[in-house]
Amino acid sequence: MTTDTLTKNRWVYSFGGGGADGDASMKNLLGGKGANLAEMCALGLPVPPGFTITTETCVHYYANGRSYPADLEAQVRDGLAKVEKAAGKTFGDPSNPLLVSVRSGARASMPGMMDTVLNLGLNDETVAGLAKLSGDKRFAFDSYRRFIQMYSNVVLDLDHHMFEEILDDHKDRLGVTVDTALSAEDWEGVVADYKQAVERELGRPFPQDPTDQLWGAVGAVFASWMNDRAKFYRRMHDIPESWGTAVNVQSMVFGNMGDTSATGVAFTRNPSTGENRLYGEFLINAQGEDVVAGIRTPQNLTRAAREEMGETAPSMEEAMPEVFAQFKAVVEKLEKHYRDMQDIEFTVERGVLYMLQTRNGKRTAKAALKIAVDMAAEGLIGQDEAVMRVEPAALDQLLHPTIDPKAQRDVIAAGLPASPGAATGKVVFDADEAERLGQAGEAVILVRDETSPEDIHGMHAARGIITARGGMTSHAAVVARGMGRPCVSGAGDVRIDAKAGEFRARGRTFKAGDIITIDGSKGEILAGAVKMVEPELTGDFASLMVWADAARRLKVRANAETPLDAQTARGFGAEGIGLCRTEHMFFDADRIAAVREMILADDEGGRRAALAKILPMQRADFVELFTIMEGLPVTIRLLDPPLHEFLPHTEEDVEAVAKATGLDARKLLLRAKDLQETNPMLGHRGCRLGVSYPEIYEMQVRAIVEAACEIAASGKAAPVPEIMHPLVAKGEEMKFLRELTDRVAKQVIAEKGQAIEYMVGTMVELPRAALRADELAVNAEFFSFGTNDLTQTTFGISRDDAGKFLGAYLEKGIFEKDPFVSLDQDGVGDLIRIAVERGRKARPDVKLGICGEHGGDPASIDFCERAGLDYVSCSPYRVPIARLAAAQAALARR
C-alpha cells in the first residue's frame, strides 16, 4: 500500500499512551511540533497524550471556503477518545475532566506567530471537578481565569488588556502586586468578572460546552495561519503559504499546582553563543505562557548560570534536584537523537516531568557556526553536514560592526544579553512608528515594556530592541535572535511612559527621537552614538569556510570599483571582481568637470580632448584595482548610464556647476534638456553610447589595457582583464564592439611592448540577448547576466517604481517573493537557461556568471549552480554568504 493510500482522507494522527501514529520524518504532514511529539513518544519519553490534525486539513480549509473535510469531526472524536483512555479522564466530565491544549505547528518553526489555547475544557462545572481532583481550589480557578482570558482573546477576538485591567483592579483592591498572592476565592471573583465582561462585549455568555470550545480553538489556530504577523514572518523567512499549519490537541499537564510543579524552556546549547551548556529558564508554580510572555521574571535552570547572572532565586538544579537530573538526561538524549541543538518546552506536575515540545532551536549566526563546527569535532555530524547546518543569510549578523572595546561607554541601564551585536538609533516606543521611520531610512531602536507577536513588523524595521520585562527566552529575545537584531531584554532600570513619549533610567530621561546605542552581547544600553569596529572573521567562521570552499563548484566574485570595496572583498574571500562599474569613477569630484566637458563638446575632436584628461585617472583606477586583486579576474563594464545623468538639471544646480567649472551655464542647461529622455532605462545608454561615440569606449579600453601592461611590466601578478560591453542585443553590435576593443588593445600592446591577455564579453540584460546568445557568443568570450535589468526588461517593471505596487502583489500571492530580491526562476530563469545552452553551443568554453543583486541571494545562487554557471558576483559583504550558499547548492545536488 502506498503512502498516498495510507494517508488519503486521514486527517488525525494520535500520539502518547505508549505509541504514536507518526514520526519525525512526517514533518510536512504533521508539522514540526506534531512530528516531534510523535518521535518523542517513540523514544519512550514522558509526553502527555494527544493527536495532530494534519497540515492537509488546513490546506483543505482554505481551499474550501474555510470549511472542514466531512469526515474530520468523526476522526477528532476518535482521537479524543484515545486521549481520554490514555489519560484516564473524560472530556467534559464534571467529576473527572480531561483538559487539553490546542496549539499550532507548521512544518517550519514560526515561534509566537500563530495561536495557542491552554486549559480548554474548563467551564462552571468542570472547574469544580478539577478543584476536587487536585485538592486545590485556588489552582482550579487560576486555570479557569487563564482559559477565559486566552480563549476570549484568541477565539472570541476580545482585547486581552480588558482582562488585565480587571485583574489589576482586583489586585489594587486587595493591596497585592503579584498573582500568587490571590486566594481561591479571589480567583473566583476574577472569573465572575471575566465572564461578565465577555457577555457585556459579545451579548452572549462565555461558551460552556467543551466540544464547542474545542472546535472554536481549532478554527482559531487555522485562521491564525493567515494573520498579519504570520504572513509577515512567512515573507521574511521564505515559508510558502501553501504549506498550511497542523493543529496539536494534547492533554494538559499543570505547572501551576504548587511548589512541586513548574514549567520551563530549555536549549541544549546556548542559542546566542553556541556554548555547549544547558541554557534556559523555568518558573515554579506557573504555566508555559508565563515564561515566554515576560510577565514574571524566570529563574535559571542550572546553579552555574544562576551564579554567573548574580541571581538569588534558586535554580531548577537546586530547587528540584531529582527532576532536574531526569530532565538533563532527557535533553542529552534528544540532542544526540536529532544531532542538533534542541529547543525544549517542559512541565513538572507535582514532581513528575513531562516533555511538551522539542524542535531544532533558533540561534544566532555566531551560535550556528560554533554549534556546527563543535558537533563536527564531536563526531555527531560530518563536515559537509556542518556546512549545510548554517543558514547563509544568517552570516550577515557576523559581517557588521560591534562596539569598539576602547570606546567610552555611558551606560544608562542594563538587562539581559538576549541577542548579540550592537546598534545605534533613535528611540521609538511604537512598532508602527519604527516601521514608518525604518522605511524612511532612519535607524531606530524599539523600546517596549515587552514585545508581542503583533510587534514583529516594528522589530524587523528596528536596528535593535530593548524590553523592560522578559527573560532570555521571551518573545523579544527569540525573535531578535532569529532576525539577527541585537536585543537587551529584562532591563528593569528602564521605566517607560509611552504616552509621554519617554523612558527614565537611573535618574535620566530619554525622549522619542533621542539617540541611544545597545550592546546585545553585554546586555547594556548606552547614551548617544558609540564607535563601532569591524568584525574579525576567524576561528569557527574560518573552519566552516574552508569546508564550504572545498565543497563548492561555483566561483564567487565581488561587485567592486573602489579600492576599499576591492580590499573588503578580498578579505571576505572573493575570487575576483565580477562587476566594476566604471561610471562610478566618472562621478569623482576631480574628474566630473572633464566628463561634463566631454558631454558639452560640439564634435568628436572636442570629445577626444576631454577624454584625454580622463584617461590617466581611469588608468590609475585600474592599476589600483589590479594591484589589490593580484592576478585574479576583473570584469570591467564600460560606460553604461545615459549621459544626462552626469549633468545638473535644475537652473540652480546649473549655475553652481558653471561657476565652479567655468563652463557655460546656458550651454549646460540646453545640453541637459537635449539629452533628456522619456524612458532613459531603455534609451541612449549601454553599448549604444559606444556605437554613437566610439571614442568613449576607446578611451576606456586603452585605460584598462595600459593599466594591465603597467602591472605586468612591474613584475606583479599580471591581471586578465575582462572587458564587458553592456546592453548588447544583436550579434552585429557585439561584432562592432569586439573589433573596437581588439583594435585599441593591439595598439596599446604594440606601444608598450608588453604581451598581456584580455577577454571581451557582454552583459546579458535583455531578453533578445538571451534568446540570441549563440549570435553573441561568436564574438563574446564571456556572458555576465545582469539580472537587475534582465528582471526589469522581462517583466516590464521599473525597479525604481516597483515599490508602489509590489507590496500588493506579494500580499495577494501573485508574487511569492520580490523578483528583484530573489531571482524569478521560471521566466528570467528560463532566459538564462536558454542563453547558457545556446551560448555554449556556439562557444563551448564561454565563461558564464551573474552580477546582479541576485548574486548574493542563496535561492538565486542555488539556481546558478543548477543552471551550470561558472561564478556569481555580489556585494563585498555578501561574499561569505555566497560562498556558503554555493557550497550548499553543490552538496544538495550530490
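## Salt bridges and a helix face

Biologist: What does arginine 833 count as, going by its relative accessibility?
Modeller: In this predicted model, arginine 833 has 34% relative accessibility. Buried would need under 20% and exposed over 50%, so arginine 833 counts as partly exposed.

Biologist: Which residue meets arginine 833 in a salt bridge?
Modeller: Look along helix 34 (residues 827-842), where the two partners sit three residues apart, about one turn of the helix. Residues three or four places apart in an α-helix point the same way, because there are 3.6 residues a turn. The N to O distance is 2.9 Å, and the partner of arginine 833 is aspartate 830.

Biologist: How many residues apart are lysine 847 and glutamate 722?
Modeller: These two form a salt bridge, with the closest N and O atoms 2.8 Å apart. Glutamate 722 counts as buried at 1% relative accessibility, while lysine 847 is partly exposed at 24%. Lysine 847 is in strand 32 and glutamate 722 in strand 29, so this pair links distant parts of the chain, 125 residues apart.

Biologist: Where do the buried residues of helix 3 lie on the helix?
Modeller: They are Thr55, Thr57, Cys58 and Tyr61. Seen down the axis of helix 3, they fall within an arc of 155°, so they line one face of the helix.

Note on methods. Residues are numbered from 1 along each chain as its sequence is written. This is a predicted model: local features need pLDDT of at least 70, side-chain atom pairs count only at pLDDT 80 or more; totals for chains, interfaces and linings use all residues. Side-chain values use heavy atoms; hydrogens and water are left out. Buried means under 20% relative accessible area, exposed over 50%, partly exposed in between (1.4 Å probe, protein chains only). Helices (H or I, at least four residues) and strands (E, at least two) are DSSP runs, numbered from the N terminus. The arc is that of the directions from the helix axis to the C-beta atoms. A salt bridge is a side-chain nitrogen of Lys or Arg within 4 Å of a carboxyl oxygen of Asp or Glu.
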